[in-house]
Amino acid sequence: MSNAPLTGLRVVARASGVAAAYAARLLGTMGAELTLAEPPQGTPLRREPPFLTDGVSALFAYLAAGARSRVCDLQGEDGRATLAALLSEADIFIDDTPVVERAALGLDEASLAAKHPDLVHVSVLPFGAYGPKADWKAEDINVQHSSSEGNLLPNGLAVEMFPDRPPLKIYGHFGEMQGGIAAALGALSALWARDEVGGQFVDIASQDAGLAVGAFAIQRLGDGSIEHRVERSFRYGGVIPCADGYLEMLTLEQRQWEGLVKLLGEPEWALDPALEDSLERSRRGPELNRHIREWALTRNVDEIVEAGQKLSVPLARYKTPAEILRDPQERHRGLFQPVEVDGAGMLDMLVSPFHFDGKPLPLRSGPPALGEYRSKVEA
Amino acid sequence: MKPLSGIRIADFTVHNAGPFCTHLLSQLGAEVVKIESAMRPDAFRKPHPVYGRMGPATFDQVASTKLSVRINLKKPDGAELAKKIVRISDVAAESFRPKVMDRLGLGYDALKAVKDDIVMLSVSSSGQSGPDSHFAGYAPLFGAWGGLGELTGYEDGPPVEIRHVMDHTVGMNAATAVVAALHHRRATGRGSYVDVAAREVAASLIGEALLLAAAGGEPKRIGNAHPGMAPHGVYPAKGEDRWISIAVRTDAEWQALAGLISHNGLAEEQRFANVASRLANAAELDRIVGDWTATKDANEAAEQLQAAGVAAHASWTTPEIAADPHLHARKAIVDVAEPDGTIRAAVGVPMRLSKGEEIGIHRGTPKLGEHEDYVYGELLGLTKAERQALEDTEVIY
């Protein structure tokens, strides 16, 4: 028996961007039957880098794994009828069509509500469907700079090394994916209330979602301090260069600091009684880091991490994707499952960061070919 | 009604990730009973010198809208009292290290015994199983384990610490999984155990890079660049430490940007004519675009670019975000009142719903134990004498 909680739910997604597609993926990997409604040439995500081989998008493969595909050409009557038929059987519709184009395609809030009163209609756009910037465009880098972290990164070692460089975005599609996660949450919450209020319109902005996860900066502002990427660095620890890579070190608690002193071999500088005070350690952070970095630079990451974990010092290796793929922890957890990706073969793909009832979720399949619509999704 | 009205959550979560999860659910209408103790108050009730806060917070984002009761979980009667709350709850959420809830007598089996269809959520750094499950961790470590930290950075620089946004995205993921589990309960009558690993959330945000690695590729740090867009980056604007983000996807967008720069013949130059040639000449493009933006106010340039159909946004500082009319119109930023009446900005729930009562923050940070009359008196039906006895034995403490 499947442990996927959304088994039986039907989701249709018209996604040309990462945010909407990621919302659909979250619901699909949790068991919903997911159909991508694509234009005749396929969603632009099929042509988005990075590529696994010529023309096979890793991004699309990841986002669309487990989905079915149906071509719906909304320029014509047939395509609209196909979409309408899909929506009449769906619980949730996720759409990232720009607001100005919706009415002409019959995808506006009022038209869909009239035709499909029980449908949860989720709009996912960079700045949402409502408000003075609803028509603004954004790629992930713009989302990050309009919401929270854009201006606040890098911190720590990177900003120390390159203080005059432009702020740095988080890799990949971090900002857009926040929009996707918020959209999945919004969709399921609206669906929860459907028996009482019927279907409804859920308006998601990746900007809002990015801001939500960056809420701490707003809280600090209310406390009277403005975060800046240079000043927000941890006073000591952080990204530590070692002989063969980098590790992360963060000792927030007293006993963790004491463990670190032991790990370092109790050198004279670290035994200074003044450093037993956490505020004094903060004040002398750069001095501490000079010693820690000098010590680490001649040692290997794993050697330090292994010894440090035994002393309860929070340490982690900065892992490459290849290292994560073969990590015993991730293997044990079943984080990756092999799926067929047309044109690239069987590949280990990340399934979901959730376990339900002690097990990882099952991934149904790789991404669909355009128009690949099996009558029954294979379990 | 709000969408999750009628859902009650026994909230044992601490630090950031777990509390952010229940914070979102409380804004969506769930009644969240935050279980704390004076023995071990939550982080916002004490000074936090690492972040420069020298006294208790007067407002804490993730505690707002929650109810507060005191329970000393280290006492056996404390665990029993907690179970009484779980018995009348739909969800129990916790974020201690794995096995701590078991040791307290509050593991999934124990909670299931008092509420058969309970949805239990555990949030931890590495998950409840596996060789690393006992690892302690904070946000930057999740990012390091999950690869998001390794891939974020300047091409010629070190990896970058992903800070509290990492915790909070774990919380938002967890909230989604909890509502999914509630749907499962509604459909089947069965509860479930939801195990969210923060490092796996970090990895899930680079799924395409992990897939590329599985196919033999080697994804690396690329700074602000993009493999399919040029120009794409963060460019200097007029003024000290002012920047603007610009991303050009199509030839038409490039033509529009080149038209604004109005460099002699720039729009016609063959070396920038299509995506492949722009990517090949990205460094030169960045110089040209940067020279232009450096003379412009970041917000004015963004408006000009958007009007021309180019994706752009100023690199906003926190005060700019807090003052944005668009975010206020969407209630993504809301004003909340401190106990002394001072108004400050807070972050709302990241969605707008067309039906039902307004979602979002409707109360500030609760005082420790503020809602015990309601929870212990009204909900659990404890008498004053019973409550006093529990206080005398430091169970309610």
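Helix α1 (residues 18-29) of chain A lies across β1 (10-14), β2 (33-38), β6 (92-95) and β7 (120-125) of chain A, at about 155° to β6(A). Helix α8(A) also packs on the sheet, where it touches β6, β7 and β8 of chain A and makes about 165° with the direction of β7(A). The model is predicted. Chain A and chain B bury about 12,900 Å² between them, and strands of the two chains pair with each other, as β14 of chain A does with β6 of chain B.

- Seven strands make up an open sheet of mixed pairing, in the order β5(A)-β2(A)-β1(A)-β6(A)-β7(A)-β8(A)-β12(B).
- The edges of this sheet are β5 (68-71) of chain A and β12 (352-353) of chain B, each of which pairs on one side only.
- Strand β8 (residues 200-205) of chain A runs antiparallel to β12(B), and 2 bridges join them.
- Within that pairing, Asp203(A) has Arg352(B) as its bridge partner in β12(B).

**A further strand pairing between the chains**

- Strand β14 (residues 354-356) of chain A pairs with strand β6 (residues 192-197) of chain B in the antiparallel sense, over 3 bridges.
- Phe356(A) has Val194(B) as its bridge partner in β6(B).

**Interface of chain A and chain B**

- The contact draws on 144 residues of chain A and 142 residues of chain B.
- Of the buried area of about 12,900 Å², carbon and sulfur atoms give 64%.
- On the chain A side, Tyr171(A), Leu185(A) and Trp192(A) lose the most area to chain B, and together they account for 8% of what that side buries.
- The interface holds 13 salt bridges.
- Asp156(B) and Arg165(A) form a salt bridge in which the closest N and O atoms are 2.8 Å apart.
- Helix α8 (residues 174-192) of chain A supplies the largest share of the side of chain A that touches chain B, with 12 residues.
- By class, that side of chain A has 82 nonpolar, 35 polar and 27 charged residues.

**Antiparallel sheet in chain B**

- Three strands of chain B form an open antiparallel sheet in the order β7-β8-β9.
- In chain B, β7 (232-236) and β9 (311-314) each have a single partner strand, so one side of each is left without a neighbour in the sheet.
- From one strand to the next, the twist averages 20°.
- Strand β8 (residues 243-247) of chain B is joined to β7(B) by 5 bridges, and the two run antiparallel.
- One of the residues in this pairing is Val234(B), whose bridge partner in β8(B) is Ser245(B).
- Helix α12 (residues 282-293) of chain B packs on the sheet and touches β7 and β8 of chain B, its direction making about 40° with that of β7(B).

**Backbone geometry in loops**

- The peptide bond from Pro49(A) to Pro50(A) is cis, with omega near 0°, and Pro50(A) is found in the loop between β2 and β3 (51-53) of chain A.
- In chain B, the peptide bond from Ala230(B) to Pro231(B) is cis, with omega near -5°; Pro231(B) is placed in the loop between α9 (207-214) and β7 of chain B.
- Lys99(B), a residue other than glycine, has a positive phi, near 85°.
- The position of Lys99(B) is in the loop between β4 (91-94) and α3 (100-103) of chain B.

Technical notes:
Residues are numbered from 1 along each chain as its sequence is written. Chains are lettered from A and ligands numbered from 1 in the order in which they are written. This is a predicted model: local features need pLDDT of at least 70, side-chain atom pairs count only at pLDDT 80 or more; totals for chains, interfaces and linings use all residues. Side-chain values use heavy atoms; hydrogens and water are left out. Contact means heavy atoms within 4.5 Å. Buried area is the accessible area (1.4 Å probe) that two parts lose on being put together, summed over both. A salt bridge is a side-chain nitrogen of Lys or Arg within 4 Å of a carboxyl oxygen of Asp or Glu. Helices (H or I, at least four residues) and strands (E, at least two) are DSSP runs, numbered from the N terminus. Ala, Val, Leu, Ile, Met, Phe, Trp, Tyr, Cys and Pro count as nonpolar, Asp, Glu, Lys and Arg as charged, and the others, Gly among them, as polar. Two strands pair if DSSP finds at least two bridges between them. Axes are lines fitted to C-alpha atoms, for helices over the stretch in contact, and angles run from 0 to 180 degrees between N-to-C directions.
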